[in-house]
Amino acid sequence: MVGRVGPDSLELAEAHRFPNRPVRVPEGLRWDVLGLYAGVLEGLRAAGRVDSVGIDSWAVDYGLLDADGALLGNPVHYRDARTEGVAEKVWASVPAEELYGATGLQYAPFNTLYQLKADQLTRADRLLLIPDLLTYWLTGEQGTELTNASTTQLIDPRTRTWATVVAQRLGIDLELFAPLRQPGDPAGFLRPEVLEETGLAGPVPVTAVGSHDTASAVAAVPAADGERFAYICTGTWSLAGLELDAPVLTEESRAANFTNELGLDGTVRYLRNIMGLWLLQECLRAWGEPDLGALLLQASKSPALRSVVDAGDAAFLAPGRMPERIAEACRDSGQPVPESPAHITRCILDSLALAHRRAVEDAQRLADRPVDVVHIVGGGTRNALLCQLTADACGLPVVAGPTEAAALGNVLVQARPHGLVRDLADGRRLLTRTQPLTRYEPRGQSARWREAEARLAGA
């Protein structure tokens, strides 16, 4: 994506799109990181002249380098099964309550911490999270960007530095990680070889952005100054929660599986991970990629809240057989079994909206922070039915947009060293002035959502 930023303008243009297809090999599920890097280079070539480059990606996964800086193997995919049973071994050394009190990170089987305990690190001299690995190949400079580092379960969210005691007790050598850097810090310049391959004229600086895509997406929430808001970053995952000044590290917060990840300008992203549109994406794949618009129209006419599933259930984490697994979950909970694609789609969207409701309500209670509006950003903003259902479920207005939130948040951080954006609030004011937004009002159906919530809890 190419961003252009001015005092009253903020524009994005797609330069190049390429697939990101995991590969299953005999030893497990892997990322084709070389293919991704080739796509990055092609994108830079297509972009033409640029003043800065910044990279964000998904979290938790990493590449291992040897002492010469060479990649030791394709990075393991977070949906790989290698971390099964690892958490219990970790908790035997550092109990789950203690681990949460030190790092504030929710339990997820794919957290970097559990991956490290499942990995063979004897040959590794350096560990670079995915966006830092790509940045290293572009610049030759190594660093660990903070917002993404906070998803490793090895950062103390109070000090915003490494949780050294946790690492020591678990035998994790923090020297594996490159030095921490903040969003907005310089991350080097494109190497001469990269300039030659992409046809760019140097020097081209690379800027550390909120390299966890959710950090960049939350930075692009177009909240008004002083607005009391919740956010939902939608895409493969739904990340629903609040932006806070300090982490919430209570036992109640841990039991509710909320996470404290770090955001821009000293903020904390207090949120819950929800399975998100992954459920629908996997169903579409199983159905042979039918026309989504037509399917959503049919779903909108299907019975509401007939059957719901727990959209945060780790049972839906792995790929494959998603329509059957959703049907099985409904059958096991004694609900009508959705059979047609339209009914399954409606079940998914109702379930996601219900999960959004629970997350927004729980976040307000646990953080003692009431909200007046919910901002939805990311790919789910294109799904008007999901946005309306979320407004209905939460009983709050929903403001949807921007769709390319992660790219916009990335660009806004890059604009800071150029004097075009001062801080987080200044960037949000620019977003509000320049980006199309759609508002959805709740339709007063709270009793139906409470009943569905009770039904799911009873299951």
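Colleague: Is E289 buried or exposed?
Modeller: In this predicted model, E289 is found in the loop between α11 and α12. Its phi is positive, about 55 degrees, although E289 is not a glycine. Exposed means over 50% relative accessible area. E289 has a relative accessible area of 53%, so it counts as exposed.

Colleague: V60 is not a glycine either and has a positive phi; is V60 buried or exposed?
Modeller: The phi of V60 is about 70 degrees, and its place is in the loop between α1 (33-47) and β5. The cut-off for buried is under 20% relative accessible area. V60 has a relative accessible area of 5%, so V60 is buried.

Colleague: Which residue caps the N-terminal end of α12?
Modeller: Helix α12 covers residues 292-300. A side-chain oxygen lies 3.4 Å from the backbone nitrogen of G293, and the residue that supplies this oxygen is D291.

Colleague: Within what arc do the buried residues of α12 fall?
Modeller: The buried residues in α12 are L295, L296 and A299. They line one face of the helix, because, seen down its axis, they fall within an arc of 100 degrees. An α-helix has 3.6 residues a turn, so residues three or four places apart point the same way. For α12, the arc asked for is 100 degrees.

Colleague: Which helices do the buried residues of α12 pack against?
Modeller: The residues concerned are L295, L296 and A299. Their packing partners are α11 (278-286), α14 (341-367) and α15 (384-394).

Colleague: Which residues does H356 contact, leaving aside its neighbours within four places in sequence?
Modeller: H356 is found in helix α14. At 0% relative accessibility, it counts as buried. With the neighbours within four places left aside, H356 is in contact with I232, S238, I274, L386, T390 and C394.

Colleague: How many residues of helix α5 are buried?
Modeller: Helix α5 spans residues 130-139, and its buried residues include D132, Y136 and W137. The helix is largely enclosed by the rest of the structure, because the buried count is 10 of the 10 residues.

Colleague: How many bridges join β13 to β17?
Modeller: Six of the six residues of strand β17 (residues 373-378) are buried, and the strand is mostly covered. Strand β13 (residues 229-234) runs parallel to β17, and A230 stands opposite V374. The number of bridges joining β13 to β17 is six.

Colleague: In β18, what is the bridge partner of H375?
Modeller: β17 also pairs with strand β18 (residues 398-400), in the parallel sense, over three bridges. The bridge partner of H375 in β18 is V399.

Colleague: What kind of peptide bond joins G202 and P203?
Modeller: P203 is found in the loop between α8 (192-198) and β12 (205-207). It is exposed, with a relative accessible area of 65%. Omega between G202 and P203 is about -5 degrees, and the bond is cis.

Colleague: Where does P402 lie?
Modeller: A cis peptide bond joins G401 and P402, with omega about 0 degrees. P402 lies in the loop between β18 and α16 (405-414).

Colleague: What is the radius of gyration of the protein?
Modeller: The C-alpha trace spans about 60 × 55 × 45 Å along its principal axes. Of the 459 residues, 57% count as buried. A compact globule with 459 residues would have a radius of gyration near 23 Å, which agrees with the value for the protein, 22 Å.

How values were computed
Residues numbered from 1 in each chain as written. Predicted model: local features only at pLDDT ≥ 70, side-chain atom pairs only at ≥ 80, totals over all residues. Heavy atoms only, no water. Buried < 20%, exposed > 50% of the residue type's maximum accessible area, 1.4 Å probe, protein only. Helix = DSSP H or I, 4+ residues; strand = E, 2+ residues; numbered from the N terminus. Arc of directions from axis to C-beta. Contact = heavy atoms within 4.5 Å. Polar contact = N/O pair within 3.5 Å; in protein donor to acceptor, adjacent residues only side chain to side chain. Rg over C-alpha atoms; globule rule 2.2 N^0.38 Å. Pairing = 2+ DSSP bridges.
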